[in-house]
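Good morning, and thank you for coming.

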Protein chains: 2
Amino acid sequence: MSDLDERRFWLDALKWDENGLIPAIAQDVATGRVLTLAWMSRESLLETVARGHAVYWSRSRRRLWEKGEESGHFQILKSIRTDCDGDALLLSVEQLGGIACHTGRERCFFR
Amino acid sequence: MSDLDERRFWLDALKWDENGLIPAIAQDVATGRVLTLAWMSRESLLETVARGHAVYWSRSRRRLWEKGEESGHFQILKSIRTDCDGDALLLSVEQLGGIACHTGRERCFFR
């Protein structure tokens, strides 16, 4: 298989929802804390792997959303797993700046 | 506010998707491992709080799904958080039997 074929095979093995998206959990590799739940399109997943940091699909802005693009708080990719039925992703990341949430908190799950 | 009003207020503060569901991450309170990503309806969230262990909405079977109902591997609820924009839940759980996945593995994210 070519690299492109391999990537297509991997992408096709995932279950994309009716909007072509899959939920992606980001977990801090150092602390184990769950930082964010965001969404990925096929393109954003390919970009995440290519750039080595998380690139999501923003459902509100309807465009690719490079996590940290404004703040510099990139999520450096350490590993990606999928679950038993292939309908969710788990990213292990190094959270630059220690801040994952746009509210300035360490993580989005604070309430 | 009555208890019922309080619960309604809390439920209404969450963002439910077009199918009336919200994604719920279960994380092992002891190991910090992310075990599962499943979905909750309003009813399943109320049942989770009432019973003290995770009750999800099975999208494939289109019914309430008490995690562990067949295996006895209940996810005992320790805490529930929501994220900054209220469109995801994070459950901290004690995973009975140490097995969260129907494949017999400790967690669903093994691939």
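This is a predicted model: local features need pLDDT of at least 70, side-chain atom pairs count only at pLDDT 80 or more; totals for chains, interfaces and linings use all residues.

Let me start with a term: two strands are said to pair if DSSP finds at least two bridges between them. With that in hand, consider strand β6 of chain B, where Gln95(B) is the bridge partner of Gln75(B). The strands concerned, β5(B) and β6(B), run antiparallel and are joined by seven bridges.

In chain B, an open sheet of four strands has the order β2-β1-β6-β5, and its pairing is mixed. The edges are taken by β2 and β5 (75-82) of chain B; each has a single partner strand, so one side of each is left without a neighbour in the sheet. On average, neighbouring strands of this sheet are turned by 25 degrees against each other, direction ignored.

Chain A also holds an open sheet of four strands, with the order β2-β1-β6-β5 and mixed pairing. Its edge strands are β2 (34-40) and β5 (75-82) of chain A, each of which pairs on one side only. From one strand to the next, the twist averages 25 degrees. Between β5(A) and strand β6 (residues 89-95) of chain A there are seven bridges, and these two strands run antiparallel. One example is Ser79(A), whose bridge partner in β6(A) is Ser92(A).

At the other end of the sheet in chain B, six bridges join β1(B) to β2(B), and the two run antiparallel. Here Ile22(B) stands opposite Met40(B) in β2(B). The hairpin of β1(B) and β2(B) has five residues between the strands, and within the hairpin Gly32(B) takes a positive phi near 80 degrees.

Is β2(B) enclosed or open? Seven of its seven residues are buried, so β2(B) is largely enclosed by the rest of the structure. Take Leu37(B), which lies in this strand. A residue is called buried when 20 or more other C-beta atoms lie within 10 Å of its own; Leu37(B) has 24 within that distance and is therefore buried. Which residues does Leu37(B) touch, leaving aside its neighbours within four places in sequence? Its contacts are Pro23(A), Ile25(A), Asp83(A), Ala88(A), Pro23(B) and Ile25(B). Leu37(B) and Tyr56(B) are 19 residues apart in sequence, while their C-alpha atoms are 10 Å apart in space.

This brings me to how the two chains meet. In total, 19 residues of chain B are in contact with 19 residues of chain A. On the side of chain B that touches chain A, the elements giving two or more residues are β1, β2 and β5 of chain B. The largest share of that side, three residues, comes from β1(B).

How are the two chains related? A rotation of 180 degrees, with 0.0 Å of shift along its axis, superposes chain B on chain A with an RMSD of 0.0 Å. That is the relation of a two-fold axis. The same surface serves both copies, since 100% of the contact residues of chain B recur in chain A.

Beyond its neighbours within four places in sequence, Ala24(B) is in contact with Ala38(B), Trp39(B), Met40(B), Tyr56(B), Leu89(B) and Leu91(B).

We turn to a helix, α2 (residues 42-51) of chain B, in which Ser44(B), Leu45(B) and Thr48(B) are buried. Seen down the axis of α2(B), its buried residues fall within an arc of 105 degrees, so they line one face of the helix. In general, an α-helix has 3.6 residues a turn, so residues three or four places apart point the same way. After α2(B) comes Gly52(B), whose phi is positive, near 85 degrees.

Finally, a detail from a loop. Arg62(B) is found between β3 and β4 (63-66) of chain B. Its phi is near 55 degrees, a positive value in a residue other than glycine. Is Arg62(B) buried or exposed? With 8 C-beta neighbours inside 10 Å, Arg62(B) counts as exposed.

Notes: Residues are numbered from 1 along each chain as its sequence is written. Chains are lettered from A and ligands numbered from 1 in the order in which they are written. Axes are lines fitted to C-alpha atoms, for helices over the stretch in contact, and angles run from 0 to 180 degrees between N-to-C directions. Two residues are in contact if their C-beta atoms, placed from the backbone, lie within 7 Å. A residue is buried if 20 or more other C-beta atoms lie within 10 Å of its own, exposed if 12 or fewer, and partly exposed in between; C-beta atoms are placed from the backbone. The arc is that of the directions from the helix axis to the C-beta atoms. Copies are superposed by least squares on the C-alpha atoms of residues with pLDDT of at least 70 in both.
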